[in-house]
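User: I am new to reading protein models. Could you walk me through some features, one at a time?

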Amino acid sequence: MSHIPEPETAIPAEPDGHAGTEGHIRTRLDEAIEWCGRGLAWLVFVAMGISVVEVISRYVFDSPTSWVHETTVFLIAIIFAIGGPAALARDKHIRVRLIYDAVSAKTRRWLDIFNSVITLLFAGGMTYAAYVLFWRASHNPFGEWQLERSGTSWNPPFPALTKGIILFALILMTLQTILHLVHAIRGAPDADPRGTGPAKEH
């Protein structure tokens, strides 16, 4: 009785490191930023919780707070500022992929290098601008340390702190971009060839 061979099962091609919708982590700094970002994301619930407290205090007990509104704005500002490094860590920034997906892997590498150089120039310029803003918000005209405050009855130093957080986020993005540029120049793979996870730069 002749043996009938079983139909061959097509083996799916290896996924392109740039094609995933979830992005990919390239360096250990990106990994650390993503881990911290997951924790900071809970600030949304903190902001929501104290906002509920304000509504109840104002409309039920007729005793509005003087701190909830400014604190909520400050917490949301932190989330928005850290959103930049978090998106860059996962390579999920907005871009047009029409050309990128149509070219070869070698051309993509050069596009990655070009993109990293442009991003580095932008991030570096924004970092300098943020430094100037933070310096002015943290020092008086005599050069002495004095945090800018909101000017309300509570008067917290949130304006200066917010500018400091923006500066910190932009410094992170600049460092990330430098590492991404090194990664692209080396031509390092975006995923571990053993299939155990993304490749990481030391």
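Analyst: Start with accessibility, since we will need it throughout. Buried means under 20% relative accessible area, exposed means over 50%, and partly exposed lies in between. Keep in mind that this is a predicted model.

User: Is Glu148 buried, exposed or partly exposed?

Analyst: Glu148 has 31% relative accessibility, so Glu148 counts as partly exposed. Lys163 is partly exposed too, because its relative accessible area is 27%.

User: Which salt bridge do Glu148 and Lys163 form, and at what distance?

Analyst: A salt bridge needs a side-chain nitrogen of Lys or Arg within 4 Å of a carboxyl oxygen of Asp or Glu. The side chains of Glu148 and Lys163 meet this way, at 3.0 Å from N to O. Now place them on the chain. Glu148 sits in the loop between α4 and α5, and Lys163 sits in helix α5. They are 15 residues apart, and the pair links distant parts of the chain.

User: How many salt bridges are there by this rule?

Analyst: The count comes to 5. One of them joins the side chains of Arg38 and Glu34, again at 3.0 Å from N to O. Both residues lie in helix α1. They are 4 residues apart, about one turn of the helix.

User: Are Arg38 and Glu34 buried or exposed?

Analyst: Take them one by one. Arg38 has 55% relative accessibility, so Arg38 counts as exposed. Glu34 has a relative accessible area of 15%, so Glu34 is buried.

User: Where does Arg90 lie, and what does its pairing with Glu34 tie together?

Analyst: Arg90 forms a salt bridge with Glu34, and their closest N and O atoms are 3.0 Å apart. Arg90 lies in the loop between α3 (68-89) and α4 (105-138), while Glu34 is in helix α1, so the pair ties together parts that are 56 residues apart in sequence. With a relative accessible area of 23%, Arg90 is partly exposed.

User: What should I look for when two helices pack?

Analyst: Look at angle, distance and contact residues. Helix α1 (residues 28-40) packs with helix α5 (residues 158-186) at an angle of about 145°. Their axes are 9 Å apart. From α1, the contact uses Leu29, Asp30 and Ile33. From α5, it uses Leu172, Leu175, Gln176, Leu179 and His180. Sorted by type, the contact residues are 5 nonpolar, 2 polar and 1 charged.

User: What is the general idea behind a nonpolar core?

Analyst: In soluble globular proteins, nonpolar side chains tend to be buried together. Now the case here. The largest nonpolar core has 12 residues, among them Leu43, Phe74, Ile78, Phe158 and Ile165. The elements giving two or more residues to this core are α2 (43-59), α3 and α5. The largest share, 6 residues, comes from α3. Leaving out residues up to four places away in sequence, Ile78 touches Leu43 and Ile165.

User: How many residues does the second core have?

Analyst: This separate core has 5 residues, including Ala130, Leu167, Leu170 and Met173.

User: One last residue. Is Ser57 buried or exposed?

Analyst: Ser57 has 14% relative accessibility, so Ser57 counts as buried. Find Ser57 in helix α2. Then check its partners. Beyond neighbours within four places in sequence, Ser57 is in contact with Asp62, Ser63, Pro64 and Thr65.

Methods:
Residues numbered from 1 in each chain as written. Predicted model: local features only at pLDDT ≥ 70, side-chain atom pairs only at ≥ 80, totals over all residues. Heavy atoms only, no water. Axes fitted to C-alpha atoms, helices over the stretch in contact; angles between N-to-C directions. Contact = heavy atoms within 4.5 Å. Nonpolar A, V, L, I, M, F, W, Y, C, P; charged D, E, K, R; others polar. Buried < 20%, exposed > 50% of the residue type's maximum accessible area, 1.4 Å probe, protein only. Core = buried A, V, L, I, M, F, W, Y, C linked by side-chain atoms within 4.5 Å.
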